[in-house]
Amino acid sequence: MCADLVPDGRWERVAPLLPPAPERRQRHPGRLRVPDRAVLAGIIYVLRTGVAGRDVPARAVGCSEVTAWRRLRDWTEAGVWPRLHAALLTELRRADLLDLDDCAVDGSHVRALKGGSCVGPSPVDRARPGSKRHVIVDGCGTPLAVTLTGGNRHDDTQLLPLLDAIPPIRGLRGRPRRRPGRLFADGGYDFDKYRRLLWKRGIKPMIARRGVAHGSGLGKVRWVVERAFAWLHQFKRLRTRYDRRADLHQGLLDLACSIICLRRLRRSS
């Protein structure tokens, strides 16, 4: 199962980013450290299936639930997942698989069963505790950045922080690319203030006007962001938020975005 969840191509990209293992004690060394590849398989297994930690098949995966959680915590605090996502975006741009001229942005609610940070009363779920994912994608739907806020935060307040979360995307000669040419968004972002701020950054705003009788016509372009949410929800652990720590849930979101990028690279090869 480890080879299925962490094939060679995936492991070769993740391994250089992992922090070095602590040195083993000379006296009373204790148990042998579980290999990082087996632990990554356990993390991805939980991410894909959404099972509780106690239901992880330790013998098949190669690590226990406690080991997987601790290593996820350590790797998240070390910043492994954002660096992995940025490296894969660079590979996609080098392979001419990124369309940074046209990007789209949107937000989506998710219920937070155990509360924690970045949680608020969701306006679409009878004020139950929830969180909100804000995603910006390229013209093909590849996630460029994802952020997490409370469920009561309005989409427009996270537009600029989401743009700032896009990593420097290298892969071609010249300066790294960090901003789209045009940005498509629905009526939730329909504020002249943000249009001016986007123009100031050199981004052409393509934002739908609220109250238009027959729609904005932007749906034929910005549907890719809705598909990106569907891709994220294929990872069952992300359909409902169970993590009280926002950084751990953010780490799982970044890992899911990296797996989506890897799928695009694999299909193009």
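The largest pocket holds about 650 Å³ of space, a pocket being an open set of points on a 1 Å grid over the protein atoms alone where a 1.4 Å probe fits, with protein on both sides within 12 Å along at least five of seven lines. Its volume is the space filled by probe spheres set on the points. The pocket is lined by 21 residues, and R31, L32, R33, V34 and R71 are the closest to its centre; lining residues have an atom within 4 Å of a point. By class, the lining has 9 nonpolar, 3 polar and 9 charged residues, with Asp, Glu, Lys and Arg counted as charged.

A word on the model: it is predicted, with local features needing pLDDT of at least 70 and side-chain atom pairs pLDDT 80 or more, while totals for chains, interfaces and linings use all residues. Residues are numbered from 1 along each chain, and side-chain values use heavy atoms, without hydrogens or water.

Beyond four places in sequence, L144 is in contact (heavy atoms within 4.5 Å) with residues including H85, L89 and I136.

After α6 comes D96, with a positive phi near 60°.

Terms used. Helix = DSSP H or I, 4+ residues; strand = E, 2+ residues; numbered from the N terminus.
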